[in-house]
Amino acid sequence: MTLMLLLACADPADDPGVAAVLDLQGVVVDGAAVFAESCTACHGPDAKGNEAGPDLVDKLTRREDAEVVETILYGGLGQMGAYEDILADQEVADVLAWLRTL
Ligand code: HEC
């Protein structure tokens, strides 16, 4: 039963944690501050990447908002940690809004 529920949630937009963030209005200027504090070590100050993480400006043109939020909340493929217990939902919404201005 649990497995069926997980499979039913395969679309990231159906995940309640992702949906809660997508319901919020992101504030671009606050998102820039969140990014500067939490993300530049691996993605560089302008999100163009460095040796530790990929260029988000390039990648995110091909990602839905729900996919971006899913990665931030629950982590990447192994090297990027999960931020669901580190950032507030509003901070995740803010950083998404900032990323979408790049
Ligand atoms: C410890 C290094 C590290 C930090 C810190 C980090 N990331 Fe990442 N990030 C990565 C790596 C590496 C990947 C590629 C996937 C993987 O291997 O985990 C990634 C992938 C991503 C992706 C998915 C890109 C795609 O191809 O869809 C997004 C979005 C992202 N990061 C955003 C952020 C945001 C926003 C923050 C700050 C809250 C952040 N990252 C902090 C290392 C990091």
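Okay, let's start with Trp98, which sits in helix H7, residues 89–99. Helices here are DSSP runs of H or I with at least four residues, numbered from the N terminus. Quick housekeeping: this is a predicted model, so local features need pLDDT of at least 70, side-chain atom pairs count only at pLDDT 80 or more, and totals for chains, interfaces and linings use all residues. Residues are numbered from 1 along each chain as its sequence is written.

Back to Trp98. It counts as buried because it has 22 C-beta neighbours inside 10 Å; the cut-off for buried is 20 or more other C-beta atoms within 10 Å of its own, with C-beta atoms placed from the backbone. Leaving out residues up to four places away in sequence, Trp98 touches Val28, Gly31, Ala32 and Phe35, where contact means backbone-placed C-beta atoms within 7 Å. And Val29 is 69 residues from Trp98 in sequence, yet their C-alphas are 7.0 Å apart.

Now the ligand. How many residues surround the ligand? There are 21, the closest being Cys39, Cys42, Gly53, Gly76 and Met80; a residue is in if its C-beta, placed from the backbone, lies within 6 Å. Helices H4 (40–43), H5 (56–59) and H6 (65–74) each give at least two residues to that shell. By type, the shell has 12 nonpolar, seven polar and two charged residues.

Last one: Ala47, in the loop between H4 and H5. Most residues other than glycine have a negative phi. Ala47 isn't a glycine, but its phi is positive, about 65 degrees. Ala47 is buried too, because 21 C-beta neighbours fall inside 10 Å.

Methods:
Ala, Val, Leu, Ile, Met, Phe, Trp, Tyr, Cys and Pro count as nonpolar, Asp, Glu, Lys and Arg as charged, and the others, Gly among them, as polar. A residue is buried if 20 or more other C-beta atoms lie within 10 Å of its own, exposed if 12 or fewer, and partly exposed in between; C-beta atoms are placed from the backbone. Two residues are in contact if their C-beta atoms, placed from the backbone, lie within 7 Å.
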